[in-house]
Amino acid sequence: MGNIPVAVLLSALILTTFTVSAETNPKFATVNPVPAAPKRAAEDMSLPMPNGLKGDIEKGRDFYMQNCFTCHGVTGAGDGPRAYFINPLPRDFLDETSRQYLNRPTLFEAISKGRNGSEMPAWGKVLNDQEIANVAEYVFQSFILDGKKGTGRSGK
Ligand code: HEC
């Protein structure tokens, strides 16, 4: 293969990559709506943390604002500065579906184990159970319970 076909191939590749990222980039959400969180069965939102743990919301907030906001956003809308570059997008905690299934045990489990096939890290590798409960409690109270409806990335 000569030099020119390679250049043509490369530019086609770059064009394809750009088109795909344009579709998933929340900056383009009004042009190409990003799908909301997958439909999940509603969970019991009154369930406590596992193992009798009680999260400290103040400590959880500190940790969230240092480690989670980069992807999930300061308001939990899934629109942090890193969100533009990753696929699938970080969970939008203000989304209607998130507010129906992300109860304390589900949050604890998701934060601890992460999400395979996405950039959501398994925080259980670096945090102990109490620290996970702290950040889970912060997400639960501030975004799931008190998040302003309709202000998430998906607008739902
Ligand atoms: C590098 C980016 C990134 C960081 C940092 C990050 N997350 Fe995530 N998170 C994601 C992505 C991407 C998803 C969505 C995965 C999916 O769609 O399956 C996600 C999903 C989640 C979910 C939802 C899982 C579900 O079942 O829907 C929770 C809860 C969560 N993250 C909490 C946190 C918390 C708390 C922190 C900080 C301790 C954090 N994340 C840090 C990228 C990140």
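This is a predicted model: local features need pLDDT of at least 70, side-chain atom pairs count only at pLDDT 80 or more; totals for chains, interfaces and linings use all residues.

Colleague: Why are α2 and α6 called roughly perpendicular to each other?
Modeller: The axes of α2 and α6 cross at roughly 90 degrees and come within 7 Å; angles of 65 to 115 degrees count as roughly perpendicular, and α2 and α6 are therefore described in that way.

Colleague: Which residues in α2 and α6 meet?
Modeller: From α2 they include Gly60, Phe63 and Tyr64, and from α6 they include Val135, Tyr138 and Val139. By class, this contact has 6 nonpolar, 3 polar and 4 charged residues.

Colleague: What makes Val135 a buried residue in α6?
Modeller: The label requires 20 or more other C-beta atoms within 10 Å of the residue's own, and Val135 is listed as buried, as are Ala136 and Val139 among others in α6. Val135 touches Gly60, Phe63, Tyr64, Cys68 and Ile111, leaving aside residues up to four places away in sequence, while the cover over the buried residues of α6 includes α2, α4 and α5.

Colleague: Which members of the largest nonpolar core touch the most other members?
Modeller: Of its 22 residues, they are Leu107, Phe108, Val135, Ala136 and Val139. The elements giving two or more residues to this core are α5 and α6, and the largest share, 9 residues, comes from α6.

Colleague: How do you know which residues surround the ligand?
Modeller: The criterion is a C-beta atom within 6 Å of the molecule, and 21 residues surround the ligand, with Cys68, Cys71, Ala110, Ser118 and Met120 the closest. The elements giving two or more residues to this shell are α3, α5 and α6, and its residues divide into 13 nonpolar, 4 polar and 4 charged.

Key. Residues are numbered from 1 along each chain as its sequence is written. Helices (H or I, at least four residues) and strands (E, at least two) are DSSP runs, numbered from the N terminus. Ala, Val, Leu, Ile, Met, Phe, Trp, Tyr, Cys and Pro count as nonpolar, Asp, Glu, Lys and Arg as charged, and the others, Gly among them, as polar. A nonpolar core is a set of buried Ala, Val, Leu, Ile, Met, Phe, Trp, Tyr and Cys residues joined through C-beta atoms within 7 Å. A residue is buried if 20 or more other C-beta atoms lie within 10 Å of its own, exposed if 12 or fewer, and partly exposed in between; C-beta atoms are placed from the backbone. Two residues are in contact if their C-beta atoms, placed from the backbone, lie within 7 Å. Axes are lines fitted to C-alpha atoms, for helices over the stretch in contact, and angles run from 0 to 180 degrees between N-to-C directions. Angles under 35 degrees count as roughly parallel, over 145 as roughly antiparallel, 65 to 115 as roughly perpendicular and the rest as oblique.
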